[in-house]
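Here is a friendly walk through one protein chain. Have the sequence and the 3D view open as you read.

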Amino acid sequence: NEIKNLTKNDILIALDIYNISSDTLNDIKKFLKKGGNFIFNYHFGYFKDNHFVKAKTIENITNLFYISESTPQTKINFFVKKILSPLAMG
């Protein structure tokens with residue numbers, strides 16, 4: 001796993017990574033704790049260890065909460081500023 005080799009201020013990009021293992025998730029969290037940067041899109045980690053977990057992986061990493069049940073379908077599912085999600089900017 002090359003995530004362990006990343007250092008402070010490195011950037012990890014994970015686009016359309018639907019399935020993630022618990023070990024990889026732990027490595028990402030350790031990388032973030034030591035000052036790493038992480039860019040991912042909405043389709044990140046909806047399956048953990050091959051089990052459907054919805055947005056729990058994103059919640060676990062960002063401490064943001066999933067609000068789709070309380071917002072209209074035309075809105076994004078996470079309460080984040082667009083500047084944090086440059087891929088969503090049109």
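Predicted model: local features only at pLDDT ≥ 70, side-chain atom pairs only at ≥ 80, totals over all residues.

## Ground rules

Residues are numbered from 1 along each chain as its sequence is written, and side-chain values use heavy atoms, with hydrogens and water left out.

## The overall layout

The chain has two helices and five strands. Helices (H or I, at least four residues) and strands (E, at least two) are DSSP runs, numbered from the N terminus.

Of the 90 residues in the chain, 29% are buried. Here, buried means under 20% relative accessible area, exposed means over 50%, and partly exposed is in between (1.4 Å probe, protein chains only). The chain exposes about 6,600 Å², with carbon and sulfur atoms supplying 56% of that area. Accessible areas come from the Shrake-Rupley method with a 1.4 Å probe, and for residues only the protein chains shown count as cover.

How about contacts? A contact means heavy atoms within 4.5 Å. Among the contacts in the chain with a separation of 6 or more, 54% are between residues 24 or more positions apart.

## Inside the core

In soluble globular proteins, nonpolar side chains tend to be buried together. A nonpolar core is a set of buried Ala, Val, Leu, Ile, Met, Phe, Trp, Tyr and Cys residues joined through side-chain atoms within 4.5 Å. The largest one here has 15 residues, and those with the most contacts inside it are Ile3, Leu12, Ile28, Phe38, Phe44 and Ile61. At least two residues of this core come from each of β1, α1 (22–33) and α2. The largest share, three residues, is supplied by α1.

Which residues does Ile61 contact, leaving aside its neighbours within four places in sequence? They are Leu25, Ile28, Lys29, Leu32, Phe38 and Phe44.

## Rings that pair up

Rings of Phe, Tyr and Trp (its six-membered ring) pair if their centres lie within 6.5 Å; planes under 30 degrees apart count as stacked, over 60 as edge-to-face and the rest as tilted. A search of the whole structure turns up five aromatic pairs. One of them is the tilted pair of Tyr46 and Phe52, at 6.4 Å centre to centre and with 45° between the planes. Tyr46 is buried, with a relative accessible area of 12%, whereas Phe52 counts as exposed at 53%. Phe38, Phe40 and Phe44 make up one aromatic cluster.

Ile11 sits in strand β1 and is exposed, because its relative accessible area is 53%. Ile39 belongs to strand β3 (residues 37–40) and counts as partly exposed, at 34%. Not counting residues up to four places away in sequence, Ile11 touches Phe31, Asn37 and Ile39. Ile11 and Asn37 are 26 residues apart in sequence, yet their C-alpha atoms are 4.6 Å apart in space.

## One salt bridge

Side chains of opposite charge can pair when their charged atoms come close. A salt bridge is a side-chain nitrogen of Lys or Arg within 4 Å of a carboxyl oxygen of Asp or Glu. How many does the whole structure have? The search finds one, and it joins the side chains of Lys56 and Glu59 (3.4 Å, N to O).

Both residues lie in helix α2 (residues 56–62), three residues apart, about one turn of the helix. Lys56 is exposed, at 53% relative accessible area, while Glu59 is buried, at 19%.

Most residues other than glycine have a negative phi. Asp16 has a positive phi, near 55°, and sits in the loop between β1 (11–14) and β2 (19–20). Asp49 also has a positive phi, near 55°, and its place is the loop between β4 (47–48) and β5 (51–52). Asp16 is partly exposed, at 39% relative accessibility, and Asp49 is partly exposed too, at 35%.
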